[in-house]
Each structure stands twice: as C-alpha cells, then as structure tokens.
Amino acid sequence: MAAESSGAPGGDGRAEPGRSTGARRTAGWWRRRSLRFRLTAVASAVLAVALAVSAHVMMGVLARALLDRTDESLYQRARGVVSLADAGRLPGELTSSDGTLIQVVDAAGRITHATTGTDRLVPLLDARKRAASLTEGRARFLDGEPYGIPHLLRVRVLSADRGQTVIAARVFSEVETSVATAGRVLVVGTPLLLVLLAAVSWVIVGRTLRPIAALRRGAEEITGTARSRRLPVPESRDEVYSLATTLNAMLDRLERADARQRSLVSDAAHELRSPLASIRLQLEVALGHPGGADDWRETAEGVLEDTTRLTRLAEDLLALARLDERGGALARREPVRLDDLVPQTVERYGGAVTVRIAGEGGAAVTVAGDALDLGRVLVNLVDNALRHTVSPVLVELRTEGADAVLTVADDGPGIPEADRERVFDRFTRLDSARSRDEGGAGLGLAIVRETVDAHGGAVHLEDASPGLRAVVRLPLS
Ligand SMILES: Nc1ncnc2c1ncn2[C@@H]1O[C@H](COP(=O)(O)OP(=O)(O)OP(=O)(O)O)[C@@H](O)[C@H]1O
Ligand SMILES: [Mg+2]
C-alpha cells in the first residue's frame with residue numbers, strides 16, 4: 001500500500017495531498033474487493049440505516065402511545081370523580097384500584113377528599129398551577145419528590161361545580177420503564193437482525209454470482225485445441241443466461257470464421273499445388289530431354305500459362321482477403337457511373353459481348369461504390385458467360401425503381417436450379433473435370449457476391465432458357 005501510494009504522484013499531479021491520498025487509497029481498496037463483498041456491504045449499510053431509522057421512529061411512536069393512554073385514563077378517572085362531586089355524592093374516602101392519586105380541592109384551596117395514602121394537606125398543584133393546568137386542558141408532568149413520592153408524576157386537573165377542583169395524578173415512571181425496556185430490546189435486536197440479514201445477503205449474492213463463476217471456469221477451459229467448447233448456460237432465464245447465450249453465439253461465429261479461414265488456406269494450397277506441379281513437370285521433362293530451341297519455347301509457353309493461372313489465383317485470393325479484412329465494408333465509396341463503366345469494361349471483349357443500356361443517352365445510372373471492384377464484378381460474370389456461351393454474351397443495364405440492374409446473359413448450358421446458390425461459395429466449380437486452361441479456381445462468383453453485398457446490393461443467377469443470366473442489383477445513389 002505504502003509503496004503504491006508513494007508511486008502515485010506520477011499518476012495524478014492535480015490532486016491535493018493528504019486527504020485525497022487517503023480517499024484515493026480507500027477508493028482503491030474498495031474497488032479491489034470482490035463484487036460479493038461490495039454488494040453485501042452496500043446492502044448491509046443501507047439496511048443498517050433503515051433499521052436505525054425505523055427503531056428510532058418506533059420508539060417515538062411507542063412513547064407517544066403510552067403517554068396518550070396514561071393521559072386518557074387519568075382524564076377518565078378525574079371525570080368520574082367530577083361527576084360524583086357535581087352530584088354531591090363523593091364518599092369520605094376515595095378508593096383507587098389502579099394507583100391513581102386523587103385530590104378534591106374546594107374553592108378555598110382545602111383538600112376535601114383524597115384517595116388513601118394521598119397527602120390531605122398540600123395539593124399536588126398550588127392554586128396558580130391548577131388554574132394554568134385548567135386553561136391548558138391537558139395533563140402535565142410533575143416531580144413527585146416534594147410530596148414524598150420518589151417518581152415523576154403525570155397530573156390532570158378538572159374543575160367541578162361549586163369551585164371545586166379535581167386533581168388526578170399517576171406515577172409515570174412505569175411508562176418510562178417499558179419504553180426503556182423496548183429500547184434495550186431494539187438496541188440488542190437491531191444489530192443481531194442486521195448481522196443475520198448481512199449473512200443472508202452474503203449467501204444470496206454468492207448464489208447469484210455462482211453462474212458467473214461457472215462462466216469464468218468454462219471460458220478458462222476453452223483453449224485453442226478445444227474450440228467447439230461452449231460456456232455453461234444456467235437454467236434460469238436471467239441476465240447471466242443472456243450473457244452466456246450471447247457469448248456462445250460469439251464463440252459460434254468465431255468458430256465458423258476460423259473454420260472458413262482454415263478451409264480457405266487448405267483450398268488455396270490445393271489449388272496452388274497443380275500449377276506448381278505442372279511447372280515442375282514441364283521443367284523436369286525439358287531438362288531430361290534436351291532438344292532444340294523449339295522444345296524450350298514449348299516449355300516456356302506451358303510454364304507461362306501456369307504462371308498466369310497462379311497470378312490470377314493470387315489476385316483473387318488477395319481480393320477475397322481484402323473483402324474479409326474490411327468485414328463487408330467498402331474501402332472507397334464514390335459515385336460510379338455504371339452507364340460509363342459497363343461499356344468501358346466490356347470494350348476489351350470486342351464483338352464477343354453485346355451491350356445494351358436502357359434509355360441510352362438518357363439519365364446517368366450512378367451508384368455509390370468502388371469503380372475497380374464493380375469492374376471486377378462485371379469481368380468475372382462476362383468471363384464465366386464467355387466460357388459457356390455459343391453466341392455473343394448480352395450485357396444489359398437498366399434502372400428499376402431505386403436500383404440499377406445489371407444482367408449478363410449467355411446461351412450456354414446454364415446451371416441446374418439446385419446449384420445456383422452453391423456456385424457462389426468459394427472454390428466451387430461445377431465442371432471440375434474440364435480442362436485446366438479453361439477454368440479458374442472457382443473464386444469468381446464468390447468475389448462477385450461479396451463485392452455486391454459490400455455495395456448493399458444483391459446478385460442471383462436465373463434461367464435464360466437457353467443459358468444463364470446473372471442479375472446484379474445495386475442501390476442507386
Ligand atoms: N455462365 C455460366 N454457365 C454455366 N456455368 C457457369 C456459368 N458461370 C459459372 N458457372 C459455373 O459456376 C462455377 C463457379 O463459377 P466461378 O466464376 O465462381 O468459378 P470459375 O469460373 O470456375 O473460376 P474463376 O472464376 O475463379 O476463374 C463454374 O465453375 C461453373 O461451373
Ligand atoms: Mg469465373
């Protein structure tokens with residue numbers, strides 16, 4: 001701790017020394033406690049305050065209620081004596097079963113009647129106090145000491161006919177004793193209750209946090225080798241449950257991405273193998289049978305062809321890697337005029353491709369995106385079509401609502417309905433038996449789909465009967 005705080009000045013130079021160092025140390029200590037400890041401590045502190053306040057209020061209410069009851073019974077007793085006095089039927093000796101002291105004082109200030117054991121010479125209240133008490137109209141406290149009663153008294157005065165006054169008094173200390181007893185019970189009971197509640201909340205918080213500990217253990221067990229492991233999902237449908245399911249969904253996605261990456265690497269390696277093997281074979285044959293310059297020329301041509309395939313494969317893989325890297329976002333987003341881009345791109349194919357742009361010379365067809373990427377989409381589709389078509393490939397561009405629609409149609413064999421989605425997967429070739437020089441690695445349509453997705457568009461293949469039509473929709477900007 002000491003070493004820690006002595007190193008602190010570098011951390012926050014603005015904080016004033018002394019008090020703030022202590023406060024920061026306490027805050028640091030508090031933050032380092034377990035969640036269980038902090039939750040229990042906060043709950044207990046709140047409970048302690050609540051219990052103390054309610055004990056205090058309870059004591060007040062109890063004292064008030066006891067006082068009211070005493071006053072009420074004093075009043076009733078005095079009232080009874082007043083009725084007797086008014087009727088002139090006061091007995092010579094007043095009796096009291098509940099310990100109330102009664103004095104009846106006449107107009108001259110003499111005590112005419114009193115309960116047994118009560119002073120018959122000196123009234124508990126002198127004339128002035130009696131008058132004051134009468135106007136107050138409620139009971140008051142009186143020290144019993146001067147009258148030989150070693151207690152605090154509660155006194156009520158009522159007036160009767162013929163100037164008589166009735167004084168009723170009762171020892172109040174009994175009430176005080178019961179309030180004190182209740183106080184003692186609370187002073188001992190409240191901390192006990194608090195300790196009990198703190199223990200209960202310690203247990204409950206511990207139980208609540210148990211699934212989180214299980215999650216942590218589960219996460220610890222997930223290693224590079226055991227990828228398919230999942231975190232334990234608690235039975236309760238609570239926050240921990242949603243956390244566990246969310247994390248499991250994330251693990252799922254990571255696992256899928258990982259699997260995709262692995263298969264990409266192995267597929268790529270597989271695709272690289274055959275051109276490399278072919279190059280090697282050609283070179284070996286050439287070296288084994290040294291002939292004329294023609295042999296070398298043939299060899300060089302073969303090697304060049306394979307090298308071109310390798311280059312294309314590397315470029316396609318790079319394009320896919322870039323798309324993956326950006327996670328479905330575009331590197332560039334600028335206005336691209338498709339009505340310019342499409343003719344420019346297919347120019348190189350000469351008469352093999354026919355372009356038709358709806359509403360020619362009319363409004364510009366502009367989308368937001370990357371011109372290079374969109375050009376590659378068209379090239380990939382046209383390359384595919386040219387590979388299968390008999391007559392020239394037809395490329396059409398039109399607008400439809402808020403979309404630009406680009407189609408590439410051929411009259412080749414087409415693709416069976418069942419395979420029209422599958423061909424968009426990476427390294428999927430349908431006619432894999434065909435000669436190597438004709439086809440690529442099966443990445444063309446994958447690049448098309450991922451690029452179009454990144455542009456917020458959609459691509460699908462449909463029957464052009466005969467042949468196949470690729471339809472690309474891109475939102476107009
Ligand atoms: N116009 C088409 N007519 C018939 N089949 C097609 C057509 N376009 C694509 N295919 C089929 O879909 C498969 C996948 O096409 P994709 O463009 O992804 O790969 P590829 O053309 O074989 O190789 P790459 O494009 O990487 O050079 C092709 O192998 C082919 O079998
Ligand atoms: Mg292709």
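In which sense do strand 7 and strand 9 pair, and over how many bridges? Strand 7 (residues 353–357) and strand 9 (residues 393–400) pair in the parallel sense over five bridges, where pairing takes at least two DSSP bridges between the strands. This is a predicted model, so to speak: local features need pLDDT of at least 70, side-chain atom pairs count only at pLDDT 80 or more, and totals for chains, interfaces and linings use all residues. Residues are numbered from 1 along each chain as its sequence is written, with chains lettered from A and ligands numbered from 1 in the order written.

**Overall build**
- The chain has ten helices and twelve strands, which are DSSP runs (helices H or I, at least four residues; strands E, at least two) numbered from the N terminus.
- Its radius of gyration, taken over C-alpha atoms, is 50 Å, well over the 23 Å that the globule rule (2.2 Å times the number of residues to the power 0.38) gives for 477 residues, so the chain is more spread out than a compact globule.
- Along its principal axes, the C-alpha trace spans about 155 × 60 × 50 Å.

- Val-353 has Val-393 of strand 9 as its bridge partner.
- Strand 9 and strand 10 (residues 403–409) run antiparallel, joined by seven bridges; one of the bridge pairs is Arg-398 with Val-405.
- These two strands make a hairpin with two residues between them, and Gly-401 in the turn has a positive phi of about 65 degrees.

**Around ligand 1**
- Helix 9 (371–388) and helix 10 (444–454) each supply at least two shell residues, and helix 9 gives the most, with four.
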